[in-house]
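Here is my notebook from a first look around this model. Please open the view and follow along with me.

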Amino acid sequence: MILTVTLNAALDVTYRVPALVPGTTHRITEVAERAGGKGVNVARVLHTLGDPVVATGLVGGAGGARIRSLLADERVPEAFVPIAAESRRTVVVAEPNVATGLWEPGPIVTPDEWAAFLGHFADLVRDAQVAVFSGSLPPGVPVDAYRTLIEAARDAGAWTVLDSSGDPLQYGLRAGPDLVKPNAEELAGLVGRPLPRPADAVDAVRALAAGTVVAASFGPAGLLAVTEQVAWRAFLTDPVDGNPTGAGDACVAALAHGIVHDRPWPERLVDAVALSAAAVWAPVAGSVDLSDYRRLRRAVTIKEL
Ligand SMILES: Nc1ncnc2c1ncn2[C@@H]1O[C@H](COP(=O)(O)OP(=O)(O)OP(=O)(O)O)[C@@H](O)[C@H]1O
Ligand SMILES: [Mg+2]
């Protein structure tokens, strides 16, 4: 199975309004709730693809219980570890063509809770072929958490995939994960200068981490992937219109799927571009329709550089 790790899980709440007017009161007619956090989104997409998956991480309070029950409704297997503090909510106020995000701070995790998670993770990862680490860290979790977890996963024989940002990403990279998926902004943070286009980034990406495959995502411009031997670009000539939130998570799901099914790299990248475009296209952020995915797969261009 594929184990996804979401340490800063969230209850995603979407309020739909015709127009958001600051300084006024809005009566919300439609509230949608979903289990959220980047690794949860990865698990959902993998579940849609039919891959055995388990979502783990930390959840707390009534929000945490709600996250678990929403995952159960979706039949996504989970093994979250409970903490005392309340999981955060990520609120999106959605107007027809604009979305405004209000992100609560993550719950404070105590040292004992973190130690309990490490023990739980060591047990779970023994059954995992791939461990995927996604997103930010809540307060109290050590900044090098991903480094510790990647080392534990590797010791247990699992492939490791990292998708984070800032210091947690920097520290995690030092453990030499098998694959890392920065977006353009995260890549700029890693190399210390902006690299907005895939063509500018090949040399910097190649120098980033020995032994780690880098799949850098550039929004509508697609993916640049660099292994020790080869570099590829995969993209759609006609990007799609829609909601890009969660496209990166669908991309990571496709890459983990490719590892488990031992697909050749070019096919993994074509799948990743098609599946993430299907996520942009889908009406609900981060969901995918498999028929869109199959259709888009035929439209992806892949080039060896
Ligand atoms: N408008 C689009 N049309 C087609 N594909 C897209 C579009 N936007 C993003 N993608 C696909 O999704 C992939 C990931 O997008 P992006 O680089 O925005 O990830 P991200 O910033 O990590 O996203 P996330 O918000 O999920 O973390 C891209 O490499 C591309 O293949
Ligand atoms: Mg991302």
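I began at strand 13, where Arg233 is the bridge partner of Leu224. Strands here are DSSP runs (E, at least two residues) and helices are runs of H or I with at least four residues, numbered from the N terminus.

A note on the source: this is a predicted model, where local features need pLDDT of at least 70, side-chain atom pairs count only at pLDDT 80 or more, and totals for chains, interfaces and linings use all residues. Residues are numbered from 1 along each chain as its sequence is written, chains are lettered from A and ligands numbered from 1 in the order in which they are written, and side-chain values use heavy atoms, with hydrogens and water left out.

Next I followed strand 12 (residues 223-226). Strand 12 pairs with strand 13 (residues 231-236) in the antiparallel sense over 4 bridges; pairing takes at least two DSSP bridges. A hairpin of 4 residues joins strand 12 to strand 13. Strand 11 (residues 213-217) also pairs with strand 12 in the antiparallel sense, and there Ala215 has Ala225 as its bridge partner.

Are the faces of strand 12 buried or exposed? I found Leu223 and Ala225 on one side and Leu224 and Val226 on the other, all buried (under 20% relative accessible area, 1.4 Å probe, protein chains only).

Then I turned to ligand 1. Ser217 has a polar side-chain atom 2.7 Å from an oxygen atom of ligand 1, and Asn183 has one at 2.8 Å from an oxygen atom of the ligand. I also noted that helix 9 (265-281) gives the most to the shell around ligand 1, with 4 residues.

Key:
Polar contact = N/O pair within 3.5 Å; in protein donor to acceptor, adjacent residues only side chain to side chain. Buried < 20%, exposed > 50% of the residue type's maximum accessible area, 1.4 Å probe, protein only.
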